[in-house]
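Thanks for coming. Please have the sequence and the structure open while I talk.

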Amino acid sequence: MKMKLSCLIVCFALFPLLGFANKTPTPRKATPSTSARPEVEANKRKENEEITKRLLAKFQAGFKEKKDLDAFNKEVRSVAGRAVPALIEVMKNAKYSDKSRWLATFMLGRAMGKKAAPFIAKFTAHPSWVMRLAALKVLLALKQHEMANLYARTLRDDSMIVRSQALANVRDLQLTKLAPNIWAMLYDKRNYYEAKNTSKRSNIIKDVITTVGELRFEKARGPLLTMIQKDKYSDVFEEINKSLEKITGQDAPKGDRQVKRHYWSRYLLTNKTI
């Protein structure tokens, strides 16, 4: 999986996300006469079929070098919306490689903009974690704020990589109403791993704690004030401290952990409801 993911990350880095939502309309061509219209339509259908066939063949062959991918990317841009049938076919068909299907997902988002979001959203429930991950990344690029229920579901995805991306979507889109769902990830056993007969926090837990702070999740204030005082949370001390600063609006003093723990202990006593 690591080799597959690294390949996809490189591919993703080569593929531009800019311009997903803002499309430049294609200038309208002069309308042909009624008598010529059937022939024009037939020629257009034939041309579109040839484009689809050509793009599918290249997706099937794959892209061994960056220059091949760059050339293909330029070609897809040049045919704009006429590439859509090929892109959809690649996304739906398992005979194409993960890399090709990943590319097709991003290309569809760029070609159609926000109009593609409902279709791409369906792939967040795809059997392949690669497609679920690609779909979430494109939805983030398209700034899809209104899909809170979808993000809530993918925060519980079977793949930790997908859960991490769902977390990034919620954080970057500032979906504050999903803060309780983020907090619940602290209690998901899949976000921990076993080491020497004990459960260890994975890196996603640090992101969870950081995100509840960025979302200003008020209900996390009390638990975080308790957690920061305990040594068993030393591995996430900095994340807890930063989140407390954002939730409370207070800046902990500079110094070692003992200084900060003392500050938050006094804060808790001062702000405790009588």
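I will go through the nonpolar core and then the aromatic pairs.

This is a predicted model, in which local features need pLDDT of at least 70 and side-chain atom pairs count only at pLDDT 80 or more, while totals for chains, interfaces and linings use all residues. Residues are numbered from 1 along each chain as its sequence is written, and side-chain values use heavy atoms, with hydrogens and water left out.

First, the core. A nonpolar core here is a set of buried Ala, Val, Leu, Ile, Met, Phe, Trp, Tyr and Cys residues joined through side-chain atoms within 4.5 Å; buried means under 20% relative accessible area, with a 1.4 Å probe and protein chains only. The largest one has 77 residues, and Phe59, Tyr151, Ile182, Leu224 and Ile240 have the most contacts inside it. Helix 7, residues 129-141, gives the largest share, 10 residues. Helices are DSSP runs of H or I, at least four residues, numbered from the N terminus.

Now the rings. Rings of Phe, Tyr and Trp (its six-membered ring) pair if their centres lie within 6.5 Å; planes under 30 degrees apart are stacked, over 60 edge-to-face, the rest tilted. The count is 8 aromatic pairs. Trp183 and Phe217 form a tilted one, 6.5 Å centre to centre with 55 degrees between the planes. Trp183 lies in helix 10 and Phe217 in the loop between helix 11 and helix 12, so this pair ties together parts 34 residues apart in sequence. Trp183 is buried at 12% relative accessibility, and Phe217 is buried at 11%.

Trp264 and Tyr267 pair edge-to-face, at 5.6 Å and 80 degrees. Both are buried.

Key:
Buried < 20%, exposed > 50% of the residue type's maximum accessible area, 1.4 Å probe, protein only. Helix = DSSP H or I, 4+ residues; strand = E, 2+ residues; numbered from the N terminus.
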